[in-house]
Amino acid sequence: MNLQRPPPPFISRPIYFSISSLTKTHTTNSSFPKPRNREIILSMAFSVSASPAPVHSSSPSSSFEQPRAAQFGAIQPLDRSHLSPSSVKLSRRRCAAVKPLHAEAKRSDSIVPSAATVVAPEVVEKAEVEDDFEKLAVELQNASPLEIMDKALEKFGNDIAIAFSGAEDVALIEYAHLTGRPYRVFSLDTGRLNPETYRLFDEVEKKYGIRIEYMFPDAEEVQTLVRSKGLFSFYEDGHQECCRVRKVRPLRRALKGLRAWITGQRKDQSPGTRSEVPIVQVDPVFEGLDGGVGSLVKWNPVANVKGNDVWNFLWTMDVPVNSLHAQGYISIGCEPCTRPVLPGQHEREGRWWWEDAKAKECGLHKGNIKQENNTFQDSGTAPVTDLFTSENVVSLSQQGVENLLKLENRQEAWLVVLYAPWCPYCRAMEGSYVELAEALAGSGVKVAKFRADGEEKAFAQEKLQLGTFPTIVFFPKRSLRPIKYPSENRDVASLTAFVNALQ
């Protein structure tokens, strides 16, 4: 490997470490470059000051108790005593220990317990989610990925985790490692990954001394899908259904245990869906630990970085990568849906190659998809696609709703969402509502939708208690008056509890 290459342009600010600390690191971490190349590596990756900088000690005589799991880092945490305490708005609540990503206590398929993850060496204060993240995204627009990663870990502590897919996302782990802060990593094991991806997972765990928190799809859902439609149905009717079972729902479970997550999205990855990816944003699709809209923050530290620059960084820092990259694979997902790309092809052309290039998202970053080719409009201006499109969700007209209101003895109960397809909060709950409809199929409860904007809005306000979008109402079997869902927690578990309480 030729290390005499210019430094990656996206590392813009120097980071100061104690030389003695770096020397000590290389004696204990054999996966780093050899000592004779250390000066070259460091000079290319970041600036190092020869002046001594205070560094937290990892020795037994340290002023705080050092947990065993904190032996993950090759570089010790920086001294941040010079930072202004007002630079980050912190709440009074504290996170005393790592909480597992999996947030559904009643399920038995829990992920790696918290003892196997990186544990913070000291109590970390949790950031307020109510911060203005649009403003923060502007402030960090010219920041390096290392600075962005450091800010994300600083603000959220144990309530944030890196989503690792087994491709160049390993750069995120290296950046987190370089900050010296504790960090967590999770990955979605769909059951259909390449063997090379699994080997990379193992190599990354050993290099960084971490345990990746794996999330798996529900076995019964996978069994039902495969038995009813076969192993390769996505070639015929699209990849969305398979991805929803194997990736989106496991991801939703993982994120329900977090307040923020970190992804490797870049603007140059997909011109149709990622060209406007911000540095940090309130997640438009998924919910976090507290539930409801705005409860999860999404960080994209390499959003502004070009693919070539990411690879320069990986080579410079001697980071392990998936061996499939050397075979022409650039964007790597599940084995049946990924293939190598030819010279000159865009990296996303190797993913779901049989589908429209402008919609190549599996559902994990559905909020990126631009609304272009559709039928509905917001106030007669911007076109938007319809929502809740599923065979298990009945589309009601005004006449259909009026019939429901007139029935005194319904044979089935009805759950109806009043929505506007341009509403971001309606889009955010689409996955949960469709999943709920699938779960309630054949249960005696019909799941429906009623578009209540435009000319239908006044009717919905008068007859269906519409306040804001979305509004969810339940029609019991023997009651004329619909019952309005009172909570803003629109996850599957909360909506199921609402329905069960009224049957």
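**Figure 1. Packing of helices α9 and α13 in the predicted model.** Helix α9, spanning residues 240-255, packs against helix α13, spanning residues 430-440, at an angle of about 115°, and the two axes are 12 Å apart. This view, like those that follow, is taken from a predicted model. The crossing formed by α9 and α13 is left-handed. From α9, the contact draws on Arg244, Arg249 and Arg252, while α13 contributes Gly431, Ser432, Glu435 and Glu438. By residue class, the contact of α9 with α13 comprises five charged and two polar residues, with no nonpolar residue.

Figure 2. Thr197 is part of helix α6, which covers residues 195-208. Thr197 has a relative accessibility of 1% and therefore counts as buried, the cut-off being under 20%. The side chain of Thr197 forms a polar contact with the side chain of Asn322, at 3.1 Å. When neighbours within four places in sequence are left aside, the residues in contact with Thr197 are Ser165, Gly166, Asn322 and Ile332.

**Figure 3. The cis peptide bond between Phe469 and Pro470.** Phe469 and Pro470 are joined by a cis peptide bond with omega of about -10°. Most peptide bonds are trans. Pro470 is located in the loop that runs between α14 (457-463) and β14 (471-475).

**Figure 4. Positive phi at Asp318.** Asp318, a residue other than glycine, has a positive phi, near 55°. Most residues other than glycine have a negative phi. Asp318 belongs to the loop between α10 (307-316) and β9 (376-378). With a relative accessibility of 34%, Asp318 counts as partly exposed, because this value lies between the limits of 20% and 50%.

**Figure 5. Positive phi at Phe388.** For Phe388, which is likewise not a glycine, phi is positive and near 55°. The loop that holds Phe388 lies between β10 (382-384) and β11 (394-395). Phe388 is buried, as its relative accessible area is 0%.

**Figure 6. The protein chain as context for the close-up views.** The secondary structure of the chain consists of 15 helices and 15 strands. The chain has 503 residues, of which 52% count as buried. Its accessible surface comes to about 23,700 Å², and carbon and sulfur atoms account for 51% of this area. Of the contacts between residues at least 6 apart in sequence, 75% join residues at least 24 apart.

How values were computed:
Residues are numbered from 1 along each chain as its sequence is written. This is a predicted model: local features need pLDDT of at least 70, side-chain atom pairs count only at pLDDT 80 or more; totals for chains, interfaces and linings use all residues. Side-chain values use heavy atoms; hydrogens and water are left out. Axes are lines fitted to C-alpha atoms, for helices over the stretch in contact, and angles run from 0 to 180 degrees between N-to-C directions. Helices (H or I, at least four residues) and strands (E, at least two) are DSSP runs, numbered from the N terminus. A crossing is left-handed if the near helix is turned anticlockwise from the far one by less than a right angle, and right-handed if clockwise. Contact means heavy atoms within 4.5 Å. Ala, Val, Leu, Ile, Met, Phe, Trp, Tyr, Cys and Pro count as nonpolar, Asp, Glu, Lys and Arg as charged, and the others, Gly among them, as polar. Buried means under 20% relative accessible area, exposed over 50%, partly exposed in between (1.4 Å probe, protein chains only). Accessible areas come from the Shrake-Rupley method with a 1.4 Å probe; for residues, only the protein chains shown count as cover. A polar contact is a pair of N or O atoms within 3.5 Å; within protein, one must be able to donate a hydrogen and the other to accept it, and residues adjacent in sequence count only if both atoms are side-chain atoms.
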